[in-house]
Amino acid sequence: MAKKESSFLNMVLTLLVITVVASFTLASVYNLTKGPIAAAREAARQNAITMVVPEFDRLESQKFLPLTGRDSLEFNFAYKGDELVGVAVGTYTDQGFSGRIRAMVGFYPDGRIVDVVHLQHAETPGLGDKIEKGKSDWSDQFRDFDPATQILRVAKDGGNVDAITAATITSRAYCEGIQRAYETFIANVKTPEGGAE
Amino acid sequence: MSQLKNFTKGFIKENPVFVLLLGLCPALGVTTSAFNGLGMGLATTFVLVSSNVVVSLIKSQIPDKVRIPSFIVIIASFVTIVQLVMEAFMPDLFAALGLFIPLIVVNCLVLGRAEAFASKKNLVSSLVDGLGMGLGFAFALTLLGAVRELLGSGAIFGFSFIQGDGMLVFVLAPGAFIGLGYLIALTNMIKKNE
Amino acid sequence: MEYILIIIGAVFVNNIVLAQFLGICPYMGVSSKVSTSVGMSGAVMFVMTLATVVTYLIYHYVLVPFGVTFLQTISYILVISSLVQMVEIILKKVSPALFQALGIFLPLITTNCAVLGVAILTVQKEFNLLEGVVFAIANAIGFALAILLFAGIREHLELMDVPKGMRGAPAALVVAGILALAFMGFAGLV
C-alpha cells in the first residue's frame, strides 16, 4: 500500500488527528476508571484504618501539619457511639532507603500505639519490605508500644526498637515516620481524657 | 511465513528477551516473582497487540516522516489505558509493577515491532506477530521471575517451600543480571542443538 | 546538604542502571567501547536534564491545572522524542564525527527508559524544579559511571577466552551483575 506523501500539511494533520483521537479515548477511559480507582484507594485506606484501631462504628477525619515535613498528616478519629476508641494517623517518612514510606499508625486515646501497618513503600524486597505485616511479624513489636515511656528509635540509636537485620535504614526511617505521627498526635489531641478538640 | 510459524517464533527462536535482547529493563526490574513477571508480560502483550493492530490498520494514512512519533502516540495511549485499568481493578499488581507500567511505552519491543512488522504487514499477520512476541515476552519474564523467586525466596507464585529467606541476592539487582545472563546462555545452547 | 544526599543517592546508592534497571538497552548496546560510551553518556546527560525540566514544567503548569494528569505518559514521551530530534540535528552540525559514531543509538535515547523514568520519578518524589535538575544530572552521572566501568571491563573481556555459550550478552550480564553487587556496598552511605 502506498504511504501518504510527506508534505508538511499531511504530517501536521496526521499527528493532530492521531493525538486528538488518542486524547478523547484516554479521557473516556479515565472517566470510566475514575470511580473504581477512587474506590480502590478508599478501600485500601479503610482497610488500613481498621487494622490499627479498635472496633469502631464511625470515623471523623481531620488534617494536621506535623512539626517537621512538608505534607500534612491525616487523622482519623474512630468512635464507638460517643466514645473515642482510637486515632488512625496516616504518616510518612522520606528517609526510607528507596524514598517515601507511608504508614498508618493507630493510637489509643492515651497515646499508646495500637498497631502500625505500612501503606506504601519501595524498599528492598527481602530486606526492607519486612515492614509489611504479610512478610514478617517485625512490625508487631509496635503493638502496645508507649512512646511516652519508651524511645521510638532503633537500638543502635539508643532506642527500644529492634531493627530489621541488614535493613537498618528502613527500620530507622519507619521509626521516624511513627515518631512524626506521635508528636503530631500529642500536639493536637487532648489526652488522657481522650477527647478530640 | 505461515501464521503458525509467525506465532511460535516469539517463544524460542526469536524470543524478544533471550534472543533479540529487547525489553530488558522490565525483564530485570519486575521479575522479583513469577506473578509480577507474568503480570507485566501480559500487560505488555496487550499493548503490543493493540498497537500492532492499529498501526497495521492506518499505516497507509501515515506520512513516512512522522511515523515514529505517530507510533509513539498510539503506543502511549494504550499504555495509559493499561495504567488506568490496572489501577482501578488490580491495585496490588499495579503497586507491585509501579514505575515499569508507564515504561512499557519505551519498551524497544513494542516500538520495534510496530516499525519492523506492523507498518509493513497486513492486519492478521500483525495481530499474530504481536500475540506471539508478546506471549514470548511474557514467557521469558515469568521464567526469569520464577527462577529468581525460587532461588531468592524459596517460593513460586507465592507458595513458600522453605522457612525464612532463600539466597536473597537473587531478588536483588545482581541476581536479575546474573539470572538473565544464564538464561540467555541456556537459550543459545538450545538454539544450537535445534 | 539535601542536594548532596540527592547526588550520592542517585550516583551510587540507587544507581539508575545497576539498582533501578533503567537504561539497560543502551547500556548493553553501546558499552562495547569506552569511546562510544563517553559519547552516549554526554548525550544522555543533555537529554535527561532538559527533558526533566520541560516535563516538570508541563506537569505542574499544564497537566495538573487542567486536571489531565492521565496524559502524563503521552506528553512526556512526545517531549523526549522531540528533544532527541533536536540533539540529532545539533550534533550533525557541531560534531559530525560523534554523530557517525553514535549512529543508531541516538534515536534510541528516545526509548531509553532512563530518560522517561527519571522524568516520572522527579514528579513522584515531589522534588521542586532545582532538586529535579540536580536529580537528573546526578542520575546521568550515575549512568555514565556505570556504563564507563562496564565498557572498560568489556574491552578487556573481548581479549579473553570466554566459553562459547556465554559469549556476548550472557557474559556481559554476569559482569553487570557483579558490578551491581559491588554497588550494593554503597547502601550504607546515606
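Good morning. I begin with a detail: the buried residues of helix 1 of chain C pack against helix 8 (129–157) and helix 9 (169–184) of chain C. Those buried residues of helix 1 (residues 2–13) are C:Ile6, C:Gly9, C:Ala10, C:Val11, C:Phe12 and C:Val13. Helices (H or I, at least four residues) and strands (E, at least two) are DSSP runs, numbered from the N terminus.

This is a predicted model, in which local features need pLDDT of at least 70 and side-chain atom pairs count only at pLDDT 80 or more, while totals for chains, interfaces and linings use all residues. Residues are numbered from 1 along each chain as its sequence is written, and chains are lettered from A and ligands numbered from 1 in the order in which they are written.

Let us stay with chain C. It has nine helices and zero strands. Its C-alpha atoms fill a box of roughly 60 × 45 × 30 Å along the principal axes. How does the radius of gyration of chain C relate to that of a compact globule? With 190 residues, such a globule would have a value near 16 Å, and the 17 Å of chain C agrees. The radius is taken over C-alpha atoms, and the globule rule is 2.2 Å times the number of residues to the power 0.38. Of the 190 residues in chain C, 48% are buried.

Helix 4 of chain C (residues 72–94) has 23 residues and reaches 32 Å from its first C-alpha to its last, close to the 33 Å expected at 1.5 Å a residue; the expected span is 1.5 Å times one less than the number of residues. Among its buried residues are C:Ile74, C:Ile77, C:Ile80, C:Val84 and C:Leu91.

I turn to the contact between chains B and C. Here, 32 residues of chain C are in contact with 33 residues of chain B, where contact means C-beta atoms, placed from the backbone, within 7 Å. Which helix of chain C gives the most to this side? Helix 9 does, with 10 residues. The side of chain C that touches chain B divides into 25 nonpolar, seven polar and no charged residues. Ala, Val, Leu, Ile, Met, Phe, Trp, Tyr, Cys and Pro count as nonpolar, Asp, Glu, Lys and Arg as charged, and the others, Gly among them, as polar.

The largest nonpolar core has 135 residues, and those with the most contacts inside it include B:Leu103 and C:Leu116. Such a core is a set of buried Ala, Val, Leu, Ile, Met, Phe, Trp, Tyr and Cys residues joined through C-beta atoms within 7 Å. Its largest share, 13 residues, comes from helix 4 (residues 67–89) of chain B. A second, separate core of 42 residues includes A:Phe77 and A:Val89.

Strand 1 (residues 58–64) and strand 2 (residues 73–80) of chain A pair in the antiparallel sense over seven bridges; pairing requires at least two DSSP bridges. Seven bridges also join strand 2 to strand 3 (residues 83–96) of chain A, again antiparallel, and A:Phe77 stands opposite A:Val87 in strand 3. Strands 2 and 3 of chain A form a hairpin with two residues between them, and A:Gly81 in the turn has a positive phi of about 70 degrees.

Finally, the contact between chains A and B takes 25 residues from chain A and 28 residues from chain B. The chain A side has 14 nonpolar, eight polar and three charged residues. Thank you.

Conventions: Contact = placed C-beta atoms within 7 Å. Buried ≥ 20, exposed ≤ 12 C-beta atoms within 10 Å, placed from the backbone.
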